[in-house]
Amino acid sequence: MDCIFCQIASGKIPGDIVYQDKEIIAFRDINPQAPRHLIIIPRKHIPSLDQMKEGDAALVGRMVAVATKLAKDEGVAGKGYRLSINCGKEGGQLVPHLHMHLLGGRQLSDALG
Ligand code: AMP
Ligand code: ZN
């Protein structure tokens, strides 16, 4: 499996991991776009939102729940933050393993794209 996020999840390559459980893992983005920039992924290799199967929606729900906990841990929960999921080329998705960005720690731009 040459997926970089699967390799981080399995410990084959190092990641700055801030949270993990049976289903979800979260780590710091290697090229942060904000003072707090985390990546939250399911351990299961789902290439993108487009390729979710039945039952995968529950995993995305868990990713959101983990992200809100991490926002508290990172001290941005009260100030505000952004969760985003890019899908496909025009959506700006570079890594083909479903992931959610948690961005915070500065005033984010109003622009979404
Ligand atoms: P996306 O454009 O939504 O696919 O975002 C992919 C994100 O993964 C980017 O913000 C990258 O900086 C980040 N990234 C790529 N490789 C790594 C890595 N090895 N460890 C942590 N973050 C990574
Ligand atoms: Zn993967």
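**Entry 1: conventions.** I note that this is a predicted model, in which local features need pLDDT of at least 70 and side-chain atom pairs count only at pLDDT 80 or more, while totals for chains, interfaces and linings use all residues.

**Entry 2: glutamine 93.** I placed glutamine 93 in the loop between β4 (81–84) and β5 (100–104); helices (H or I, at least four residues) and strands (E, at least two) are DSSP runs, numbered from the N terminus. Glutamine 93 counts as buried, at 14% relative accessibility. For this label I used under 20% relative accessible area as buried, over 50% as exposed and in between as partly exposed, with a 1.4 Å probe and protein chains only. I also found that its side chain reaches the backbone nitrogen of glycine 88 at 2.9 Å.

**Entry 3: the zinc ion.** I looked up the donors of the zinc ion (ligand 2) and found Cys3 (SG), Cys6 (SG), His45 (ND1) and His97 (ND1), at 2.0 to 2.3 Å. Donors are N, O and S atoms within 2.8 Å of the metal (3.2 Å for Na, K and Ca); water is not among the atoms, so sites may look incomplete. Along the chain, I read the donor spacing as C-x2-C-x38-H-x51-H. Cysteine 3 lies in the segment before α1 (4–10) and histidine 45 in the loop between β3 (36–42) and α2 (56–73), so the pair ties together parts that are 42 residues apart in sequence. I recorded cysteine 3 as buried, at 8% relative accessible area, and histidine 45 as partly exposed, at 31%.

**Entry 4: ligand 1.** I found 15 residues surrounding ligand 1, the closest being Asp29, Gly92, Leu94, His99 and His101; a residue is near a molecule if one of its heavy atoms lies within 4 Å of it. An oxygen atom of ligand 1 is 2.6 Å from a polar backbone atom of leucine 94. An oxygen atom of the ligand also lies 2.8 Å from an N or O atom in the side chain of histidine 101, and one lies 2.9 Å from a polar side-chain atom of asparagine 86. The protein covers 85% of the 500 Å² of accessible area that ligand 1 has on its own, by the Shrake-Rupley method with a 1.4 Å probe.

**Entry 5: histidine 37.** I located histidine 37 in strand β3, where it is buried at 5% relative accessible area. Its side chain makes a polar contact with the side chain of histidine 101 at 2.9 Å. A polar contact is a pair of N or O atoms within 3.5 Å; within protein, one must be able to donate a hydrogen and the other to accept it, and residues adjacent in sequence count only if both atoms are side-chain atoms.

**Entry 6: proline 14.** I found proline 14 in the loop between α1 and β1 (17–20), exposed at 77% relative accessibility.

Technical notes
Residues numbered from 1 in each chain as written. Chains lettered and ligands numbered in written order. Heavy atoms only, no water.
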